[in-house]
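Welcome, and please open the model in your viewer. We will go from selection to selection, with a short note on what to find at each stop.

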Amino acid sequence: MKVESIRKNGFILLAIVVSMFIFLGICTTARASEQVGELAESDKGVSTSCNIQAPSFSLPTIDGETITESTYASKTQLLVFYRGDGSCGNSNSIFSSIASSYWISNKNIQVIAIEADGASKETVTSFKNSKAPNDNNIVWAYNGYRYMWNYIPGGRLTYAVCAIVKDGMEVEYWDKCDDAETCAEYLRKYVDIGPDSSLGTVLVSGTYCGSMARSMFNSVNGFRTKSNVWQWNSDNSTKTYFNTSGTTSLQPLQYDYDLEKAAMERAKELAVMYSHTRPNGRSKGSITRRNGGENIAYGYRTADSVLEAWIEEDDPYEYQGHRRNMLDSRHTTIGIGCFYTNGTYYWVQEFGNVNGGPTSTSVNDNKVVETVEYSSNMVDISKCYMTLSFDGNGGASALNFDTYYYGKPLEELFYSTRKGYKLDGWYTDPVGGTKIVESTVVDLIGDMTVYAHWVPKPTAVVTKAPVANNLTYNRGFQQLVTAGEASGGTLKYASGWDSTTEPSEYYYSENIPTECYAGTYYVWYKVFGNDDYEDSDAVCIAVNIQEPVDPVVGFVTRMYQVALGREPDEDGLNNWVNQLRSGAKNGADIAQGFYLSPEMINKGLSNDDYVELAYTGIMGRGSDEGGKRDWVEALQCGVTYNAIVKGFVGSQEFISLCESYEIYPGEVQVTENRDKNVGITKFVSRLYTEVLGRGFDEAGLNDWTGQINANPSKENILNISTNGFLHSQEFANRGLSNEDYVRVMYNTYLGRQPDEAGFNDWVSQLNNGRSRDDIASGFANSQEFANILAQYGL
């Protein structure tokens, strides 16, 4: 029964036991998927050999003909008596099993299906069309209720029952016709039906999960024996209750280790064919003489989750078959199995009423490769598959890499690498084993792991090392190093940030790096080994592009190229050069002119990109992570580009850069208060965020930073924090509760979330009448606030 529409995951099928003690042979109606198995020890019923004249009969068929006991006298006849409404325990499955059997077309056998409960021709026709619609080897007759007892003395239609007639003699009958293979066992005594060519075996790889399965047992009994446990009756309006006054008291099930063994085997078989019928076409009862009802499921990853699905608390009668199995008073024993393969757990409960067997066995949590018998009439083995994992055995691995279908070549294998080694291939064992290749044909289903085997590789060699070129800036791109040569692989190059950090392999290329501007560059090279050689170690060469002969022209040209990203126009170049030479401008003025120019502003750079460009143009290097983060934060807190330029031109890097071009560095003057001290601006911006709950406004930011710049004492800072912000009308308008006020204090003065004890203490003081100013003072005079001020240089 597929239940994905009412379950979180997985599918469930079940088997419900049909009573052996039903008054006058009347059995309850249930769907075929719910009723398989029985409570008797023998799955194929009781057979009786005889050798008597076959009783006469005359029966109409759904084809409009009449048949008698002599119509098929030349053949061995298999008579199957059943109920046409499908209410017998196995009549829903027996005919589909026979119709798909290998012996059904044997010309020496005739199967006659005889409806023996008074069903109409139309009912029999409908039954035939649903159970064996395409089989013409079965003759369908009805009105046979008068003849069944002649062939099967004392027979009842709790199950379909059978008789064999050969040469006009009834030679054998049995009281339960369960599957086609059971019929075949008896038919072989009287007719040569040949071997079952559809049978074969397949290896299944996976893991028994006995610990998980056994962990369900107590929960099953807990559900079965709890007070007022219930199940729907077939009318879906009344319930049957158990374990309460005036009702049946259900006894705990005993754990049957023989049933567990069968359940484990069935769980493994479900990985081949998910059905109550076994993969070889036999009924589930053929696996042991001790089982009756059966519940099965797959896809659930824990015992609790599958048990919850089987309990079917919220389902109507027709979907509570699993629940009824667990609450069946006739069941006295249980065995539970679980098997894991191909990423899926398969679960089985086997129920019985035959006590005995071993009192305990060791838990089975073994990983196995075992044989499962299957019938090609039941299983399309080509649709079964293997999940292959690749263990790198010291190299790269791939868990559950791909699925491969049975009988097909693998075609694609995972490619693993291991430094210093060459992959020799994939094998079934870490050491030794059988090698598998792309053409290897899949011969098992389930999980399989193969292991990489390796052989050492020699290292590729640089036979001619690259050398740094002697370069001077010429406004064009120039190759930084000479070409090298290598053996055992391909020599590749990459540009790096410095001489200690090798670039990732992504940046390596066979092309020699080129640069235009004056400066120091780092070229990395190494040999990428071929299949038989390991990569060589990387080597770094520092290469300098010298400044042009006229240092002033070079300085201005560099500003155009780095800051504005273009070559200088003649008028602009001459103007800046003349001002530098005359002393009207210095290096700081030039940097300020370029980095605050309308052309720069119109680039629309992000704060991140602007700061990076300032590092490159003003300091002559790439950014460091911490420094860049601080400057980007400063911009976000309200300083202008001018403050960035001011900070950068005051660096030793800019001073050294100017000296290399024989330029006086100078310094940048700022006019806005927010640009005069970055730490103060960051602090005031923080007050806006933490106290007022919003970003700064430029006028306010300039005003407050100006006051602190004029008097950076702690007293003045506390005065501005308290009287300027905490006593502001805007803060009062926030209408904070005592709790929210204390949270603001923690964030503003301590820079963290409150601890529970401290928070409760401060709130309690406020609630008991202490003023908010006293509370603020307590926070403001803390060491934690002093540490925050120190972070801003205050």
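Step just past α8 to E312, which takes a positive phi of about 50°.

A word on what you are viewing: this is a predicted model, in which local features need pLDDT of at least 70 and side-chain atom pairs count only at pLDDT 80 or more, while totals for chains, interfaces and linings use all residues. Residues are numbered from 1 along each chain as its sequence is written, and side-chain values use heavy atoms, with hydrogens and water left out.

Next, colour the chain by domain: domain 1 (59-189), domain 2 (200-379), domain 3 (382-456), domain 4 (461-543), domain 5 (551-664) and domain 6 (678-792). These bounds come from an automatic or database domain assignment. The C-alpha centres of domain 2 and domain 5 lie 78 Å apart.

Now select F555, V556, F594, Y595, I618 and F648. Of the 60 residues in the largest nonpolar core, these touch the most other members. Such a core is a set of buried Ala, Val, Leu, Ile, Met, Phe, Trp, Tyr and Cys residues joined through side-chain atoms within 4.5 Å. Helix α10 gives the largest share of this core, eight residues. Because domain 4 and domain 5 both give residues to this core, it lies between them.

Move on to V649, in helix α16 (641-649). V649 counts as buried because its relative accessibility is 3%.

For the last stops, turn to the record. UniProt lists residues 555-603, 604-657 and 723-787 for "domain: DUF4214" in an unreviewed entry; its annotations may be inferred rather than shown by experiment. Select 555-603 to see a stretch that is 73% helix and 0% strand, with end C-alpha atoms 22 Å apart. Then select 723-787, which is 72% helix and 0% strand, with its end C-alpha atoms 22 Å apart.

Note on methods. Helices (H or I, at least four residues) and strands (E, at least two) are DSSP runs, numbered from the N terminus. Buried means under 20% relative accessible area, exposed over 50%, partly exposed in between (1.4 Å probe, protein chains only).
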